[in-house]
Amino acid sequence: MEKGPFSAEWLAQSSRGGAREMLPGESRSCRSRLNPLSVPADTARQREAAERSSPGHEAGLVGAAPGRSRTKFSAAQLQELERSFREQRYIGAGEKRRLAAVLNLSQSQIKTWFQNRRMKFKRQTQDAK
């Protein structure tokens with residue numbers, strides 16, 4: 001039996017995270033970009049530690065995705081986010097940058113909060129009917 005790129009041996013190796021043969025046309029630089037396991041372990045650990053120690057993150061929640069923890073917003077952050085939401089439900093790039101700087105959050109966290117708040121608003125208005 002020929003040992004092709006998707007043989008039982010290859011699949012067993014890849015599921016264990018071990019080394020694998022390169023596919024035809026695949027370069028080593030391409031492989032390291034596509035395979036997150038090829039990142040040195042100490043670099044991955046440093047990145048995860050930095051994410052966990054960023055402000056507004058609470059570690060140790062059950063059911064959370066690996067490497068991500070739920071953001072716990074402070075009362076002051078929520079007050080400012082709610083005030084901004086009352087003024088305008090869709091946030092612009094400039095306001096997103098301003099809120100991120102003022103509240104010490106990432107622009108991605110601001111964007112996600114607004115998306116979630118719009119969904120909450122939609123549910124509340126539908127329930128009221």
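Author: Here is a walk from the whole chain down to that one meeting place.

A word on the ground rules before we zoom in. This is a predicted model, where local features need pLDDT of at least 70 and side-chain atom pairs count only at pLDDT 80 or more, while totals for chains, interfaces and linings use all residues. Residues are numbered from 1 along each chain as its sequence is written, and side-chain values use heavy atoms, with hydrogens and water left out.

The protein chain has six helices and zero strands, so reading from the N terminus you get α-α-α-α-α-α; helices (H or I, at least four residues) and strands (E, at least two) are DSSP runs, numbered from the N terminus. Of the 129 residues, 22% are buried, and buried means under 20% relative accessible area, exposed over 50%, partly exposed in between, with a 1.4 Å probe and protein chains only.

Now for your spot. Helix α5 covers residues 93–103 and helix α6 covers residues 107–128, and their axes come within 8 Å and cross at roughly 110 degrees. That makes α5 roughly perpendicular to α6, a label for angles of 65 to 115 degrees (under 35 is roughly parallel, over 145 roughly antiparallel, the rest oblique). The axes are lines fitted to C-alpha atoms, for helices over the stretch in contact, with angles from 0 to 180 degrees between N-to-C directions.

Who touches whom? On the α5 side you have Lys96, Arg97, Leu99, Ala100 and Leu103, and they meet Gln107, Ile110, Lys111 and Phe114 in α6; contact means heavy atoms within 4.5 Å. Sorted by class, this contact has five nonpolar, one polar and three charged residues. Here Ala, Val, Leu, Ile, Met, Phe, Trp, Tyr, Cys and Pro count as nonpolar, Asp, Glu, Lys and Arg as charged, and the others, Gly among them, as polar.

Two links lead out from here to other parts of the chain. Ala76 sits in helix α4, residues 75–87, and counts as exposed because its relative accessibility is 52%. Then there's Arg117, also part of α6, which is buried, with a relative accessible area of 14%. Leaving aside neighbours within four places in sequence, Arg117 is in contact with Glu82, Phe85 and Gln124.
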